[in-house]
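Open the model in a viewer and keep the selection panel at hand.

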Amino acid sequence: MKILVPVKRVIDYNVKPRVKSDGSGVDLANVKMSMNPFDEIAIEEALRLREKGVATEVIAVSVGPEKAQETLRTALAMGADRAILVVAEDVEPLGVAKLLAKIMEEEAPGLVILGKQAIDDDSNQTGQMLAALTGRPQGTFASKVEVSGDSVNVTREVDGGSETVSLKTPAIITTDLRLNEPRYASLPNIMKAKSKPMAMKTPADYGVDVSPRLKTLKVVEPATRSAGIKVADVDALAAKLKEMGVTA
Amino acid sequence: MSVLIWVEHDNASMKDATLAVVTAAAKLGDVHALVAGNGCSAVADQAAKVAGVSKVLLANDAAFANALAENVAPLIAGLMANHDAFLAPATAHGKNIAPRVAASLDVMQISDILSVESADTFTRPIYAGNAIATVQSSDAKKVITVRGTAFVKAEPSGGSASIEAVSGGGDAGLSAFVGAEIAKLERPELTSAKIIVSGGRALKDAATFEEIIFPLADKLGAAVGASRAAVDAGYVPNDYQVGQTGKIVAPEVYVAVGISGAIQHLAGMKDSKTIIAINKDEDAPIFQVADIGLVADLFKAVPELVAKI
C-alpha cells in the first residue's frame, strides 16, 4: 500500500508573525520557514506504517512555491521515498484538495495522511475536502491509527475525550498533536534525500483551476490587552476576588 | 437569505455552542436549524425554543447517531439546494463535517469566523490568532464555521419554531462508529465555563497538578484547563488544553497558574474578561496580558489562596 502525505511550507512555529503595516497580510520576507508541524506528524505516521510493513511507499506532495522543494527535501530526509511538487502560490484548501484528488487518481494510495490544519491560515479543511471530492471516508484529528486488512481504525480527538471510527480504505486521515513525536532527520539521511526523486508539476498538468474564491480585504493585528496590576500577596488577591464577586 | 445551521447535540440535549451559531446566522438571514441524529426529537424541541430560529429540520436516522461526516454531509448538501449558507460551530463535529459539505458544493469554506461584516464578508483569525483577516467570499453559497466565544449566545427560550422532518444521506457504507471515551466531568465544561483555572508546566507532574489546581477550581466552581506544555508532559489529557491547537475559551475569569504565556496559549484565552496570573517569574509574558498578577511560588500561594477564599 502506498501512503500519500501532503505537506505545507509555512512560517516556523517559533516565529512570531508580524502584520504588514499596509494591512495586506503577514510579512514573510526573511522569516524562517519550516514544514507545518502537523504535517511532520503525518510524515512520521506514514513512515511508522512503512516500518511495520503496512505501507510499501511513502510519497510526500506539496502545493506551493518553488521553495517548497526545501520542505519536500525535509520529508525525504525524514524517510519519504519520493516527492511531488505542484508549483502554485497561495492556493486555497479547496484548490489543494482538487489537486490532491487528481494525484490520488494517479497514485492510488491506500491512505492519505495530512496535518489537521496549517499554522498559517488555520483553515482545517483540506483533508475533509479531499475526502468529499474522492468520495472516501475521513478520520480527522487522529491520535491513533491502526490498519487491518482493508480497513483502518482511527481514534479521534473530540470535545470531551476521544472516539474511534472504522474506515474503509482508501481513507483520508488528518493528524492531531498526540499521534506521535516526529523524528529528526539524520545528517546521512539529509544527504541521501538530495538524490531522491522529486517530480515538478503545475496545476495545469492536472487540469485543475485553483483560482481563489476568497479575497483577503485586510489583515490587522488583534486587539491587544494591556498589562494590569500586580498584587503584593495572596491576601490582596483574595480581596480582589471578593471585590469582583468571584468569591463570597 | 435562508441559512441552515448545524445543531450540536448528543442525541439527548442541545449543546450551548449552537446558540452562538444562531446569533451569527441571524445576521445573514432566516435561521433554519438542522437536528441530525438518532432518537433526537427532544433536541429538536429544544432547538425550536431558541430565539431567532424560524424552522427546525429534524433528520432522524440510525446512521446519523454519531454525526459521521460521510453520512451527514450528503444530507446537508441536499438541504443546501434550498439554503444560501451553512453555518456550524467550530467544534470537533463542526470542523469535521463543514469542509466535507463545502467541497461537495464546490465552495471554499470560511473557518472560525469572529464577526459577520456583511452577507459575503467575515473576519477570522489566522497565524494562531496573531492576525485577524477580513475575507470576502465570491461563492454563491457560503459554508462557515463559527468561533463560539466571538458571538453572544442566542436566548435558549422564547422561540416557537415549527419542526419539519427531513431525509437524505444515510449510511454511506464508508465508515462505522466503534466507540467513544468521553471523560465524565465533575466540573464545568471548559468551553462554556464562567471561571477557568489552568495549570502549566511548573506543576511538575500529574499528581501535583491535581493536588494544586483541583482544590482551587472546586472552590471557585471552575473548569480545569492546562497549557500545551502541561499536556505534552502528560499531567492531564489533551482535551484540557487551552490554546490555538486546543480549546479557545473566553470565560469571565481565567486563572493561569504556573503558565508562562506562550503565544499559542495566549491565542486560546486572551479574550477572557479578567485574567489572573500566578507565576514566580515576574518577567513571564503572561503578566503582559494579566489584569491581576501575583508574583509568587505557586506551591505556597495556591494552597494559601484556597484556604483564604
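Select strand S1 (residues 2–6) of chain B and strand S2 (residues 30–37) of chain B: five bridges join them, and they run parallel. Strands here pair if DSSP finds at least two bridges between them, and helices (H or I, at least four residues) and strands (E, at least two) are DSSP runs numbered from the N terminus. Opposite Ile5(B) is Ala33(B) in S2(B). Four of the five residues of S1(B) are buried, meaning that 20 or more other C-beta atoms, placed from the backbone, lie within 10 Å of the residue's own.

The model is predicted: local features need pLDDT of at least 70, side-chain atom pairs count only at pLDDT 80 or more, and totals for chains, interfaces and linings use all residues. Residues are numbered from 1 along each chain as its sequence is written, while chains are lettered from A and ligands numbered from 1 in the order in which they are written.

Next, show both sides of the contact, with 64 residues from chain A and 67 residues from chain B; residues are in contact if their C-beta atoms, placed from the backbone, lie within 7 Å. On the chain A side, S9(A) gives the most, with eight residues. That side divides into 30 nonpolar, 15 polar and 19 charged residues. Nonpolar covers Ala, Val, Leu, Ile, Met, Phe, Trp, Tyr, Cys and Pro, charged covers Asp, Glu, Lys and Arg, and the others, Gly among them, are polar.

Within this contact region, pick S12(A) and strand S8 (residues 131–137) of chain B, which run antiparallel and are joined by six bridges. Val219(A) has Ala133(B) as its bridge partner.

Now select H6(A) and helix H8 (residues 298–308) of chain B, whose axes come within 10 Å and cross at roughly 45°. Axes are lines fitted to C-alpha atoms, for helices over the stretch in contact, and angles run from 0 to 180 degrees between N-to-C directions. H6(A) is therefore oblique to H8(B), the class left after under 35 degrees (roughly parallel), over 145 (roughly antiparallel) and 65 to 115 (roughly perpendicular). Display Val234(A), Asp235(A), Leu237(A) and Ala238(A) against Ala301(B), Glu304(B), Leu305(B) and Lys308(B), which make the contact.

Last, select the open sheet of 10 strands with mixed pairing, S11(A)-S5(A)-S4(A)-S1(A)-S6(A)-S10(A)-S7(A)-S8(A)-S9(A)-S11(B). Its edge strands are S11 (198–201) of chain A and S11 (175–182) of chain B. From one strand to the next, the twist averages 25°.

How values were computed. Contact = placed C-beta atoms within 7 Å. Buried ≥ 20, exposed ≤ 12 C-beta atoms within 10 Å, placed from the backbone.
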